[in-house]
Amino acid sequence: MPLLGDRLSTSAVAAAAGLSESWAWKARDQGVLSEPHFEEDVVALRVYAFVSQIVWPGTRRPRSARQDLELWQQSAVETARHAALGAGVTPETALWVLEDSVHLVTSADQRAAFDLRHLGQRCAFRIPVGLWISELPEAMAALASRRRRGVRQESVR
């Protein structure tokens, strides 16, 4: 799904993603977002907010410690960003995140093959990137309407 290519502010990326600006600033500080921002960064930010909170079973992670992105998290974010730029993505496209890999699955037969090959007894998260990508035009339209400010006409007394 080719996107429009409009440049966005960090605040606009957060708003279009439906997240607080603190997520966007945190993503920027970790190198997930860099200037200039585009529509694909909206999807990348949503995935970042999701995967940065995952703690796999058996893994200890203190809440107060700085959490740098692990390779699988970086891979999930970049895979989602590239999916937003590419063709062949449908609303059913999902990003499957495992502890050691990520997989973009577009069709029901690919999902079945993925399940047989990779899941087994493993933990995995399914992120609906196709749905998020399909929602981008509506999110961009909402941003555009937010930017318009009514022109006040001052009454003459």
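This is a predicted model: local features need pLDDT of at least 70, side-chain atom pairs count only at pLDDT 80 or more; totals for chains, interfaces and linings use all residues.
Let's begin with the inside. The largest nonpolar core has 40 residues, and the members touching the most others are Leu45, Val47, Val51, Leu95 and Val97. Quite a few elements give two or more residues to that core: helices 1, 2, 3, 4, 6 and 7, plus strand 1. Helix 3 gives the most, 8 residues.

Leaving aside residues up to four places away in sequence, Leu45 touches Val13, Ala14, Ala17, Leu19, Trp23, Ala24, Ala27 and Leu33.

Next up, helix 4. Which residues of helix 4 are buried? Trp72, Gln73, Ala76, Val77, Ala80, Arg81, Ala83 and Ala84. Those buried residues pack against helix 3, strand 1, strand 2 and helix 6.

Arg81 counts as buried because its relative accessibility is 10%, and the cut-off is under 20%. Its side chain meets that of Glu78 in a salt bridge, 3.1 Å from N to O. Both sit in helix 4, 3 residues apart, or about one turn. Glu78, at 33%, is partly exposed. And Asp41 comes in as well: salt bridges with shared partners join Asp41, Glu78 and Arg81 into one network.

How many salt bridges turn up in the whole structure? The search finds 5. Two more of them are worth a look.

Glu135 and Arg46 pair up through their side chains at 3.3 Å, N to O. Here the partners are 89 residues apart: Glu135 is in the loop between helix 6 and helix 7, while Arg46 is in helix 3. Both are partly exposed, Glu135 at 35% and Arg46 at 22%.

Then there's Asp100 with Arg122, whose closest N and O atoms are 2.6 Å apart. This one goes loop to loop, across 22 residues of sequence: Asp100 lies between strand 1 and strand 2, Arg122 between helix 5 and strand 3. Asp100 is exposed, at 56% relative accessibility, whereas Arg122 is partly exposed, at 37%.

That's my tour; over to you.

How values were computed:
Residues are numbered from 1 along each chain as its sequence is written. Side-chain values use heavy atoms; hydrogens and water are left out. Buried means under 20% relative accessible area, exposed over 50%, partly exposed in between (1.4 Å probe, protein chains only). Helices (H or I, at least four residues) and strands (E, at least two) are DSSP runs, numbered from the N terminus. Contact means heavy atoms within 4.5 Å. A nonpolar core is a set of buried Ala, Val, Leu, Ile, Met, Phe, Trp, Tyr and Cys residues joined through side-chain atoms within 4.5 Å. A salt bridge is a side-chain nitrogen of Lys or Arg within 4 Å of a carboxyl oxygen of Asp or Glu.
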